[in-house]
Amino acid sequence: MAPYTRTTHATPADGTELVVFLIGMRIRKPWRVDAWAPVAAAMPRMLKELSADPASGLLGYRLTLGEDGPLVIQYWRDHESLYGYARAADRRHRPAWAAFNRRARSAPGAVGIWHETFVVAASETIYGDMPASGLAKALGVRSLDPASTAAARLAGPAPA
């Protein structure tokens with residue numbers, strides 16, 4: 001029988017900023033497939049584009065279902081990379097955003113989208129008998145010191 005393992009996420013390299021970006025969609029008029037299906041289809045294409053480009057700044061993501069609908073949790077190297085992608089005319093986001101706004105005007109109230117951006121000053125994770133997921137999948141996994149506490153992990157490494 002394999003021993004119980006406890007792991008945590010690796011620390012971002014060289015003090016790299018960490019950004020957690022949540023983006024979700026809420027289907028408000030399910031019968032308006034013409035309004036929400038293109039929105040639902042746009043995100044996988046953007047994630048594929050970002051994942052194929054390590055320089056994009058996307059470290060990883062997790063697809064899930066929230067109480068209001070589909071939700072993507074994204075981990076970014078820094079907020080400049082996130083905003084740079086959002087503004088780039090030659091990437092998939094700008095055309096998808098423009099198309100969403102056109103559809104929203106022609107089908108008001110059919111589908112809603114939202115996002116939240118968090119620049120993370122400190123983070124603490126623990127995974128018990130889990131494969132790499134969430135932040136550990138994005139940043140890498142490291143063994144957890146059995147003597148460590150959540151408070152100590154959140155405080156970060158001791159000053160040298």
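Is Val-111 buried or exposed? In this predicted model, Val-111 has a relative accessibility of 11% and therefore counts as buried, the cut-off for this class being under 20%. The residue belongs to strand β5, which covers residues 111-120. Beyond its neighbours within four places in sequence, Val-111 is in contact with Met-25, Arg-26, Arg-28, Ala-35, Trp-36, Val-39 and Phe-100. The C-alpha atom of Val-111 lies 9.9 Å from that of Ala-40, although 71 residues separate the two along the chain.

Arg-26, one of the contacts of Val-111, also forms a salt bridge with Asp-68, with an N to O distance of 3.7 Å. Because Arg-26 is in strand β2 (residues 18-27) and Asp-68 in the loop between β3 (58-66) and β4 (69-76), this pair ties together parts that are 42 residues apart in sequence. Both side chains belong to partly exposed residues, at 43% for Arg-26 and 36% for Asp-68.

Five salt bridges are found in the whole structure. Among them, Asp-34 pairs with Arg-32 at 2.7 Å between the closest N and O atoms; Asp-34 is partly exposed at 46%, as is Arg-32 at 25%. In the salt bridge between Asp-78 and Arg-77, the closest N and O atoms are 3.4 Å apart. Here Asp-78 is buried at 15%, whereas Arg-77 is partly exposed at 27%.

An open antiparallel sheet is formed by three strands in the order β6-β1-β7. Strands β6 (127-128) and β7 (141-143) each have a single partner strand, so one side of each lacks a neighbour in the sheet. Strand β1 (residues 6-9) pairs with β6 over two bridges, and Arg-6 has Gly-128 as its bridge partner in β6.

Definitions and conventions. Residues numbered from 1 in each chain as written. Predicted model: local features only at pLDDT ≥ 70, side-chain atom pairs only at ≥ 80, totals over all residues. Heavy atoms only, no water. Helix = DSSP H or I, 4+ residues; strand = E, 2+ residues; numbered from the N terminus. Buried < 20%, exposed > 50% of the residue type's maximum accessible area, 1.4 Å probe, protein only. Contact = heavy atoms within 4.5 Å. Pairing = 2+ DSSP bridges. Salt bridge = Lys/Arg side-chain N within 4 Å of Asp/Glu carboxyl O.
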